[in-house]
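Subject: Handover of a structure and the findings on it

Dear colleague,

Please find below the sequence and the structure that I am handing over to you. My account of what was found follows directly after them.

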Amino acid sequence: MSHLERVEVLSETRSRWRAQGPAGIPLEWEAEIINDQPPHLIAWRTLPGGPVSHAGSVRFAPSGAATRIDVSLQYDPPGGELAHAVAELMDADAGARIERDLREFQRALESGRLAA
């Protein structure tokens, strides 16, 4: 995740995240794992009080010799829908960033830069 600066594990199910938001603005929030079914699924949501309320999940499914990864993300951008539209124009949309990061991860695995 290119925008992620750090993740601090607070407990088995809670963590504190720090990332760069639009225009390099630092964002920090706490999240909790709400569903963990290794190796198939992990789901989380943010705790109240953070700058962005969001929830998501990542599913892992065998697909031949590969693994299919499906990411679902729901969030309420700071500043509402207008701020979300501006972020998209500035190429700072969270969904677009995650898609780029997943494509880069796939390229790194396929090229051998990362061990599978």
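W17 has a relative accessible area of 24% and is therefore partly exposed. W29, by contrast, counts as buried, because its relative accessibility of 13% is under the 20% limit. Please note that these values, like the others in this message, come from a predicted model.

W17 is part of strand β2 (residues 14-20) and W29 is part of strand β3, so the pair ties together parts that lie 12 residues apart in sequence.

As a general point, the strands of a sheet pair through backbone hydrogen bonds, either parallel or antiparallel.

Several of the pairings may be followed strand by strand:

- β3 (residues 26-37) and β4 (residues 41-46) are antiparallel and share 6 bridges. They form a hairpin with 3 residues between them, and D36 stands opposite I42 of β4.
- β4 and β5 (residues 53-63) also run antiparallel, joined by 5 bridges. This hairpin has 6 residues between its strands, and G49 in the turn has a positive phi of about 105°. Opposite I42 stands V58 in β5.
- β5 and β6 pair in the antiparallel sense over 11 bridges. Here A55 has Q74 in β6 as its bridge partner.

Salt bridges

How many salt bridges does a search of the whole structure find? The search finds 11. One of them joins E5 and R18, with 2.9 Å between the closest N and O atoms. E5 lies in strand β1 and R18 in strand β2, so this pair ties together parts that are 13 residues apart in sequence. Both residues are partly exposed, E5 at 41% relative accessibility and R18 at 23%.

A further salt bridge is formed by E28 and R6, where the closest N and O atoms are 3.7 Å apart. This pair links distant parts of the chain, since E28 is in strand β3 and R6 is in strand β1, 22 residues apart. E28 is partly exposed, with a relative accessible area of 33%, and R6 is likewise partly exposed, with 44%.

E8 and R16 meet through their side chains in another salt bridge, at 3.0 Å from N to O. E8 has a relative accessible area of 35% and is partly exposed; R16, at 24%, also counts as partly exposed. Through shared partners, salt bridges join E5, R6, E8, R14, R16, R18, E28 and E30 into one network.

The nonpolar patch and helix α2

Which residues make the nonpolar surface patch? F60, I69, V71, L102, F105 and L109 make a patch of about 420 Å². The elements that give two or more residues to the patch are β6 (66-76) and α2 (94-111). The largest share, 3 residues, comes from α2.

L102, one of the patch residues, lies in helix α2.

R100 is partly exposed, with a relative accessibility of 32%. Although R100 and M1 are 99 residues apart along the chain, their C-alpha atoms are separated by 8.9 Å.

Key:
Residues are numbered from 1 along each chain as its sequence is written. This is a predicted model: local features need pLDDT of at least 70, side-chain atom pairs count only at pLDDT 80 or more; totals for chains, interfaces and linings use all residues. Side-chain values use heavy atoms; hydrogens and water are left out. Patches are made of residues with over 30% relative accessible area and no salt bridge: like charges are joined within 9 Å, nonpolar side chains (Val, Leu, Ile, Met, Phe, Trp, Tyr) within 5 Å. Accessible areas come from the Shrake-Rupley method with a 1.4 Å probe; for residues, only the protein chains shown count as cover. A salt bridge is a side-chain nitrogen of Lys or Arg within 4 Å of a carboxyl oxygen of Asp or Glu. Helices (H or I, at least four residues) and strands (E, at least two) are DSSP runs, numbered from the N terminus. Two strands pair if DSSP finds at least two bridges between them. Buried means under 20% relative accessible area, exposed over 50%, partly exposed in between (1.4 Å probe, protein chains only).
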